[in-house]
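Q: Can we go through this structure? I'd like to begin with how the terms are set.

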Amino acid sequence: AFDEATAILAGDALLTFAFEILSDAATHPDAEVRMALVSKLAKAAGVAGMVGGQMLDIEAETKSDAAELAHIGLIQSLKTGALFRYACEAGAILGGADPAPLIRYAQKIGLAFQIADDILDVESTPETLGKATQKDKAMGKATFVDLLGLDEAKRRAAALVDEAVESLSTYGARAEVLADAARFIVARRK
């Protein structure tokens, strides 16, 4: 809807606004909790997370080791995966709960999300997705579909969702919304 410069500024504004919200006493009365939220978001969004993963993704356009499954997994765990992990861990921090089950859940759905995205890039159309398809292939980037094949990529994504749902078992029915979200990740068509 807008030009690239405006989109970049909007992203910058939203990220800094997130820090503003997290540091506000209205978010949580305990300053240590707020500091933990801010610190973890900085790591998830920064060089050890989304920004670092995006840099590796850019480098993957020209490096031969980018076609290795482990390397693609690393890139995705830093990009989208870091933000998924943060979102889940932040809930545990706010609630004073053990974050480990939610972190495991987030790791699984983050990878499932990327595999599903790679599948949609092959099976969908630009009109349905609302964005160009086959972009990674055109840029010479390897995807999970390239390395696993379409059927195995679908199996892997489904298995990751099952593992994500299983990691929530300690929460029982209270985690059904998260389980449904995990299932949606591989069922989505956009």
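A: Helices (H or I, at least four residues) and strands (E, at least two) are DSSP runs, numbered from the N terminus. This is a predicted model, where local features need pLDDT of at least 70, side-chain atom pairs count only at pLDDT 80 or more, and totals for chains, interfaces and linings use all residues. Residues are numbered from 1 along each chain as its sequence is written, and side-chain values use heavy atoms, with hydrogens and water left out.

Q: Which helix gives the largest share of the lining of the largest pocket?
A: H6, with five residues. On a 1 Å grid over the protein atoms alone, a pocket is an open set of points with protein on both sides within 12 Å along at least five of seven lines, and lining residues have an atom within 4 Å of a point.

Q: Which helices supply at least two residues each?
A: Helix H3 (50-59), helix H4 (69-78), helix H6 (100-123) and helix H8 (135-138).

Q: What volume does the largest pocket have?
A: About 500 Å³, where a volume is the space filled by probe spheres set on the points, and grid points are joined across faces, edges and corners. Of the 22 lining residues, Asp 57, Lys 79, Gln 114, Asp 117 and Asp 136 are the closest to the centre.

Q: How do the lining residues divide by type?
A: Eight are nonpolar, five polar and nine charged. Ala, Val, Leu, Ile, Met, Phe, Trp, Tyr, Cys and Pro count as nonpolar, Asp, Glu, Lys and Arg as charged, and the others, Gly among them, as polar.

Q: Changing topic: is Ser 124 buried or exposed?
A: Ser 124 counts as buried because its relative accessibility is 14%; buried means under 20% relative accessible area, exposed over 50%, partly exposed in between (1.4 Å probe, protein chains only).

Q: Where is Ser 124 found?
A: In the loop between H6 and helix H7 (126-129). Leaving aside neighbours within four places in sequence, Ser 124 is in contact (heavy atoms within 4.5 Å) with Leu 129, Thr 133 and Arg 189.

Q: And how do the axes of H2 and H5 cross?
A: The axes of helix H2 (residues 31-45) and H5 cross at roughly 175° and come within 9 Å. Axes are lines fitted to C-alpha atoms, for helices over the stretch in contact, and angles run from 0 to 180 degrees between N-to-C directions.

Q: What does that make H2 relative to H5?
A: Roughly antiparallel; angles over 145 degrees count as that, under 35 as roughly parallel, 65 to 115 as roughly perpendicular and the rest as oblique.

Q: Which residue types make up the contact of H2 with H5?
A: Twelve nonpolar, no polar and two charged.

Methods:
1 Å grid on protein atoms, 1.4 Å probe; cavity = no way out; pocket = protein on both sides within 12 Å on 5 of 7 lines; lining within 4 Å.
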